[in-house]
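Colleague: Please take one part of this model and go through it closely, residue by residue. I would like its surroundings described as well.

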Amino acid sequence: MKKVDFSQVLNDYNKILPKGVFLTTKNDGEINTMTMGWGTAGFIWNQNILMAPVRKSRHTHQLIENSDYFTVSVPLNGQLKKELQFCGTKSGRDYDKIKELDLELAEVKEAEVPIIKGNDLHFICKIKYQQDMLKEKLDQDILDKKYPDKDMHTFYYGEVVAVYKEE
Ligand SMILES: Cc1cc2nc3c(=O)[nH]c(=O)nc-3n(C[C@H](O)[C@H](O)[C@H](O)COP(=O)(O)O)c2cc1C
């Protein structure tokens, strides 16, 4: 694995994000991953930041609430489709998704949370800020269409402390 600059991979990330990436969390020894298709990547507080939007209903929400880090593993070449589908429809409350899909994890030195091998890019993120969405501040049309059950997102802003490219 090669360390690369955030700016080098920003475009690739933004382009592929809607197709799904793996958001991995760990708390109390439990590792879980879910598919994430929304988010932002940018620059604030003089830091490179990935923002992960996680609805309160997700098992991931429970884990990330109790962690300082998350990782994001990104398939750029259409691989791991079945795995993205599974991790985007099944909850870690009901399945050990890592075991079920035989996902290979790798430890990283920057964080307790591992990455998922077989992806092209990996972001190691340290949470610097989080924010619950405020319904009353949201555009009514988006609220009606995207939040019919008022299952709002929490936005987790992680400083990108390392980016790795698999070779
Ligand atoms: C393509 C795709 C993108 C998704 N993006 C998000 C997202 O950005 N935020 C979110 O909270 N859920 C998203 N989901 C839904 C979660 O991945 C799904 O509810 C998952 O089962 C949650 O797993 P968990 O309960 O183990 O956390 C997405 C699902 C798919 C298929």
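**A strand residue and its surroundings**

Modeller: Thr 154 is found in strand β10 (residues 153-165); helices (H or I, at least four residues) and strands (E, at least two) are DSSP runs, numbered from the N terminus. The model is predicted, so local features need a pLDDT of at least 70 and side-chain atom pairs a pLDDT of 80 or more, whereas totals for chains, interfaces and linings use all residues. Residues are numbered from 1 along each chain as its sequence is written, and side-chain values use heavy atoms, leaving out hydrogens and water.

Thr 154 counts as buried because its relative accessibility is 0% (buried is under 20% relative accessible area, exposed over 50%, partly exposed in between, with a 1.4 Å probe and protein chains only). Its side chain makes a polar contact of 2.8 Å with the side chain of Asp 132. A polar contact is a pair of N or O atoms within 3.5 Å; within protein, one must be able to donate a hydrogen and the other to accept it, and residues adjacent in sequence count only if both atoms are side-chain atoms. Not counting residues up to four places away in sequence, Thr 154 touches Ala 52, Pro 53, Val 54, Lys 56, His 61, Gln 130, Gln 131 and Asp 132; contact here is heavy atoms within 4.5 Å.

Lys 150 is found between α5 (140-146) and β10. Lys 150 counts as partly exposed because its relative accessibility is 42%. Its phi is near 55 degrees, a positive value in a residue other than glycine. Most residues other than glycine have a negative phi. Leu 80 also has a positive phi, of about 60 degrees, and is found in the loop between β6 (69-74) and α3 (81-87). Leu 80 counts as buried, since its relative accessibility is 19%.

There is another buried threonine to describe. Thr 33 lies in strand β3 (residues 30-36) and is buried because its relative accessible area is 0%. Its side chain reaches the backbone oxygen of Leu 23 at 3.2 Å and makes a polar contact of 3.0 Å with the side chain of Thr 24. Leaving aside neighbours within four places in sequence, Thr 33 is in contact with residues including Phe 22, Cys 87, Lys 97, Ile 98, Leu 103 and Ile 116. Ser 91 is 58 residues from Thr 33 in sequence, yet the two are 9.0 Å apart in space, C-alpha to C-alpha.

A ligand nitrogen is 2.9 Å from a polar backbone atom of Gly 37. Taken alone the ligand exposes 650 Å², of which the protein buries 83% (Shrake-Rupley method, 1.4 Å probe).
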